[in-house]
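Colleague: I have some time to go through this one with you. Can you put it on the screen?
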Amino acid sequence: MVQKLDYLKETPSQTAGPYVHIGLAPGAAGFDIYDQELGWDIAGPNAAGERIRVEGRVIDGTGSPVKDVLIEVWQANAAGIHAHPEHAGEVEDGFRGWGRVITDFETGEWGFDTVKPGPVPGRNGATQAPHLNLWIVARGINIGLNTRLYFSDESEANAADPVLNLIEWENRRATLVAVRGEREGKTLYRFDIHLQGPQETVFFDI
Amino acid sequence: MTKPGEFYQRDRAWHPPAHVPDYKTSVARSPRQALISLENTVSEITGPVFGHTDIGADDNDLIHNYAQTGQSAIGERILLHGRIFDENSRPLPNTLVEIWQANAGGRYRHKKDTYLAPIDPNFGGCGRTLTDDNGYYYFRTVKPGAYPWRNWVNSWRPAHIHMSIFGTAFAQRLITQLYFEGDPLIHKCPIVNTIPDPAAIDRLIAPLDMNAAIPFDCLAYRFDVVLRGRRSTLFENRLEGN
């Protein structure tokens, strides 16, 4: 007999279910319980960089908006630094870089305000184009879906991005690029996530 | 300064697949293209950090955190406790654990839940806490009831509590559900049975823990969680260009 490897196995995932809001956004479930809910302010008041809004929908395989999704966001600041212990003190006071957002129960629309991140280091000395990491959970999603949001006004950086270039099918790369626009003088990016179908968004096994 | 290491790959055969026809809602919500395998970058091996200023001192007491003064939630009182580890058996201190659940009658306090069982005016149904230095957490709550849901005509969920855990990196993010030892509904449930390996299902069943039960107060159930483990050394294929 060889020696036994003593790694533990990860706890298996289960769907977040239809009532995920009770736990992670109780105000949306219809009641007020915590002094403060977490994740509504991604960038904080002091973050440098361009203030942006991102909006979209999550679309299922029938073409219908999914109305009970919860999305979490993780991003670097405008200087390309994540608010993580190894970088303590290097981000603006109040910048957490993490947020969570839920869809409107009637329309399936979601949206959040943040700052546009800067490029961040990639593997092997490469540079990654500015991006947000997204994690999507909902009823019917058995294990959280990881994807990324890139920015349409960064076409040069996107073309060199090592992660986008991992995607063999060039026509699928566009599913990760949010389209820049403007509303009432403010920058607005549109990003629809397709769970299935010809426009299926690229999801990652990270 | 050391950089955090990347994670061991996730065992996708151990987790439920996206598309499980017996769990009907998964059919239209499951990606059909293969996931793109991505070696971790700094964007995946970092994650948010939470502290005691983020949460309230009583947020982990569901018996009282929504009850009127002097009142408490109705139901079988339980202590739900355990530890959070990574795959290297290291406890994860200071990690955020959030739970949500139905009340003792199987009813959720949610504007979308219309089940005929009553709302408990003294029960909200959510709690959160940070693990201590040993990765230990606990909640006081009531055991949730089973409830019907629309899958087959007569489908009932086993009693369960939803749990969300952060760990130290976005790549460790996990939501799961825990079940209670001895519940005959567990193995009939199409959501439980999205998990292909019976040994993996067993990992979600919390045993009755009489050693932790408090006399004349509450029973106890134990639920340990394992999040993904990190490599302890950086590889030659450097993560960052430094």
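Colleague: Leaving aside neighbours within four places in sequence, which residues is Ser26(B) in contact with?

Modeller: Keep in mind that this is a predicted model. Ser26(B) is in contact with Gly140(A) and Asn142(A) from chain A, and with Ala18(B), His19(B), Val20(B) and Pro21(B) from chain B. Neighbours up to four places away in sequence are left out of that list.

Colleague: Where is Ser26(B) placed? And is Ser26(B) buried or exposed?

Modeller: Ser26(B) sits in helix H1 of chain B, residues 25–29. Ser26(B) counts as buried because its relative accessibility is 0%, and the cut-off for buried is under 20%.

Colleague: Now the loops. Where is Asn94(B)?

Modeller: Asn94(B) is in the loop of chain B that runs between strand E2 (77–86) and strand E3. At 35% relative accessibility, Asn94(B) is partly exposed.

Colleague: What does Asn94(B) touch, apart from residues within four places in sequence?

Modeller: Asn94(B) has contacts with Val49(B), Phe50(B), Leu130(B), Thr131(B) and Asp132(B). As for Tyr137(B), 43 residues from Asn94(B) along the chain, the two C-alpha atoms are 9.5 Å apart.

Colleague: And Ala104(B), which loop is that in?

Modeller: Ala104(B) belongs to the loop between strand E3 (96–101) and strand E4 (126–130) of chain B. Ala104(B) is partly exposed as well, with a relative accessible area of 31%.

Colleague: What are the contacts of Ala104(B)?

Modeller: Not counting residues up to four places away in sequence, Ala104(B) touches Ile74(B), Gly75(B), Val142(B), Lys143(B), Pro144(B) and Gly145(B). The C-alpha atom of Ala104(B) is 9.8 Å from that of Thr141(B), and 37 residues along the chain lie between these two positions.

Colleague: Back to E3 and E4 of chain B. Which sheet are they in, and what is the strand order?

Modeller: They belong to an open sheet of five strands in chain B, in the order E4-E3-E8-E9-E10, with mixed pairing. E4 and strand E10 (205–206) are its edge strands, each pairing on one side only.

Colleague: How do E9(B) and E10(B) pair?

Modeller: E9(B) and E10(B) run parallel and pair over two bridges. Phe180(B) is opposite Ala206(B), which is in E10(B).

Colleague: What holds paired strands together in general?

Modeller: Strands of a sheet pair through backbone hydrogen bonds, in either the parallel or the antiparallel sense.

Colleague: Over in chain A, which sense does E1(A) use with E4(A), parallel or antiparallel?

Modeller: Strand E1 (residues 51–59) and strand E4 (residues 109–115) of chain A are antiparallel and share seven bridges. Gly56(A) is opposite Trp110(A) there.

Colleague: What about E1(A) with E10(A)?

Modeller: E1(A) is parallel to strand E10 (residues 186–190) of chain A, and four bridges join them. Arg53(A) has Leu188(A) as its bridge partner in E10(A). E1(A) also pairs in the parallel sense with strand E11 (residues 193–194) of chain A, over two bridges.

Colleague: New topic, the inside. Which residues touch the most other members of the largest nonpolar core?

Modeller: Those are Trp100(B), Met163(B) and Phe223(B), in a core of 65 residues. Strand E9 (residues 174–180) of chain B gives the most to this core, five residues. Another core lies apart from it and has 25 residues, including Ile52(A), Trp110(A), Leu132(A) and Phe151(A).

Technical notes:
Residues are numbered from 1 along each chain as its sequence is written. Chains are lettered from A and ligands numbered from 1 in the order in which they are written. This is a predicted model: local features need pLDDT of at least 70, side-chain atom pairs count only at pLDDT 80 or more; totals for chains, interfaces and linings use all residues. Side-chain values use heavy atoms; hydrogens and water are left out. Buried means under 20% relative accessible area, exposed over 50%, partly exposed in between (1.4 Å probe, protein chains only). Contact means heavy atoms within 4.5 Å. A nonpolar core is a set of buried Ala, Val, Leu, Ile, Met, Phe, Trp, Tyr and Cys residues joined through side-chain atoms within 4.5 Å. Two strands pair if DSSP finds at least two bridges between them.
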